[in-house]
Every structure is written in structure tokens, then in C-alpha cells.
Amino acid sequence: MKSIIIASTSTLHEGSYLEYLLPTLQLHFKNCKSILFIPFARPSGISHDDYTQKVAQAFFAININVKGIHEFENAADAIKNAEGIFTGGGNTFLLVTQLYKHNIIQLLSETVKNGIPYLGTSAGSNICGLSMQTTNDMPIIYPPSFQTLGLIPFNLNPHYLDPDTQSKHMGETRETRIKEFHAFNSIPVLGLREGSWLEVKGDKITLKGNLSARLFLQNQNPEELETESDLSNLK
């Protein structure tokens, strides 16, 4: 049975890394002594080792060890032997490129679908949908495919921001960009605000956190979904 946490972000304003999610993660990874971390989304500013260490410090608070996938000679074997898996944020184009480069995107999908608990934040959440086409990231590298893990039957827009009616900025809003996606694609898109996450248990998908999420369907007006909404039938 699938057991997945899909979070908009890893860090809330004035909070430490993963702090707001730790009570949830303690339950989510309750049967794990260690988890496998995938740091492939970060293109600069922090090394894979330092990124993994940052994650390890957060999970130390709930007595779970962390090892980065880059520390293994064989990435596929690391996934096959993982008790739990966490994919962190960064650039989704780079993350997806690396998953294809290491030939593990299908294996990762199958492993999580078979019940290994998974956590994604930001880019690591983007890849849970059917495709990565609703990411906010710049296309700094060209992945072999936009197809991602398909753990849920729709797409995500993490870090979703509502239009600022007081802003003088004349550029596109997130809502505008998602509508542009829907000019060519019929896949539903869920805008996840900071501090919100999806809990996936088997086929049940539930919105968690204190905020509502914004649902976009092709040729329809956006809809606000309150926390604890059931998204299991969304497709």
C-alpha cells in the first residue's frame, strides 16, 4: 500500500528545516531506522554531502539515520534496499534529468507504489505527479522526458502563490501559468500552498495542513479545497 507525504515545502518562514513536518514524519517513518535521501535536485550552493547532512540533522530529532543515494556505488541497489525514501527540493529539471541518467525513475516509482514510505518536498513533490510540467523552476537542463513517477493521478504546483492585488508587477501569476498549461493539457493541477501537504495511504489522497489548496481543471474556474479534503477521485 502506498504511503506518501507530498509537501509543498521543506521549510516555513522562521522555522527550521522540516520542523513543521516532524510530528507527521515520525509517524510516517515509524518503521524505519534509516532512510535514503535523494539530493539530485540541487544544482549549486550546497553539495550533495552537505545537503544530506542537513537532512540528517533534521531526522536526528526523530531518531532516524539518513544516507544519501550518491554515497552508494549503485543507485538502483540503494533504492531496492531502502526502508524509506526522501527526495528534497531544488530544481525539478535537474532532478528528473538525474533520475533518468541513473536509470532509476521507473524503479523509484515501483518501489514507492509497493509500499516503501516516501517523502517529497518541492521538486521531490513535483515528481510525484504525472509530469513535471507544472513546476515553477527554470529549465536549466533538458531531461529525457517530462514524465515523472505517477504516484498520484494529477499534477502539482508546490509553493503556490495567490495573485497579489496590491502588486504593480505585470507578469504572469501562478494561476495564469497553470491556465497556459491547460491550453494544451487536460491533467488536473493542485496548487499547494506553503505548509500544506498531501497524505497518500493506498488509493486515498488527503489534503493536510492548515491552509486550503487551489484546484485547477481544464476549462473550469479554479476551486478552493479545504484541509482534510479527499482527492482520491481526482483524475
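This is a short tour of a predicted model, one selection at a time.

**The whole chain**

Start with the entire protein chain in a cartoon view. Its secondary structure amounts to seven helices and 11 strands. The C-alpha trace spans about 45 × 35 × 35 Å along its principal axes. For 235 residues, a compact globule would have a radius of gyration near 18 Å, and the 17 Å of the protein chain agrees with that.

Now colour the chain by position in the sequence. Of the contacts in the protein chain with a separation of 6 or more, 69% join residues 24 or more positions apart.

Switch to a surface view. The protein chain exposes about 11,700 Å², and 47% of this comes from carbon and sulfur atoms. Buried residues make up 53% of the 235 residues. Next, select the charged side chains: 19 are positive and 23 are negative. The centres of the two sets lie 3 Å apart.

**Helix α4**

Select residues 92-101, which form helix α4. How many of its 10 residues are buried? Eight of them are, so α4 is largely enclosed by the rest of the structure. The buried residues are Thr92, Phe93, Leu94, Leu95, Val96, Thr97, Gln98 and Leu99.

**Helix α7**

Move on to residues 174-182, helix α7. Show the side chains of its buried residues, Glu175, Ile178, Phe181 and His182. These residues cover an arc of only 115 degrees around the axis, which puts them on the same side of α7. The general rule is that an α-helix has 3.6 residues a turn, so residues three or four places apart point the same way. What do the buried residues of α7 pack against? Their partners are the strands β6 (155-157), β7 (189-191) and β10 (213-216).

**The loop between β1 and α1**

Select Ser8, in the loop between β1 (3-7) and α1 (22-28). Is Ser8 buried or exposed? Its relative accessibility is 0%, so Ser8 counts as buried. Leaving aside residues up to four places away in sequence, Ser8 touches Ser122, Pro158, His159, Tyr160, Leu192, Arg193, Glu194 and Ser196. Then draw a distance from Ser8 to Gly124, C-alpha to C-alpha: the two are 116 residues apart along the chain, and the separation is 9.3 Å.

Leu18 is also in the loop between β1 and α1. At 0% relative accessibility, Leu18 counts as buried. Check its backbone angles: Leu18 is not a glycine, yet its phi is positive, at about 65 degrees. Most residues other than glycine have a negative phi.

**Glu228**

Go to the segment after β11 (223-225) and select Glu228. What is the phi of Glu228? The value is near 75 degrees, a positive phi in a residue other than glycine. With a relative accessible area of 48%, Glu228 is partly exposed.

**Asn114**

For the last stop, select Asn114 in the loop between α5 and β5 (118-121). Asn114 counts as exposed, at 65% relative accessibility.

Notes:
Residues numbered from 1 in each chain as written. Predicted model: local features only at pLDDT ≥ 70, side-chain atom pairs only at ≥ 80, totals over all residues. Heavy atoms only, no water. Helix = DSSP H or I, 4+ residues; strand = E, 2+ residues; numbered from the N terminus. Rg over C-alpha atoms; globule rule 2.2 N^0.38 Å. Buried < 20%, exposed > 50% of the residue type's maximum accessible area, 1.4 Å probe, protein only. Contact = heavy atoms within 4.5 Å. Areas by Shrake-Rupley, 256 points an atom, 1.4 Å probe, with all protein chains shown as cover. Lys, Arg positive; Asp, Glu negative; His and termini not counted. Charge placed at Lys NZ, Arg CZ, Asp CG, Glu CD. Arc of directions from axis to C-beta.
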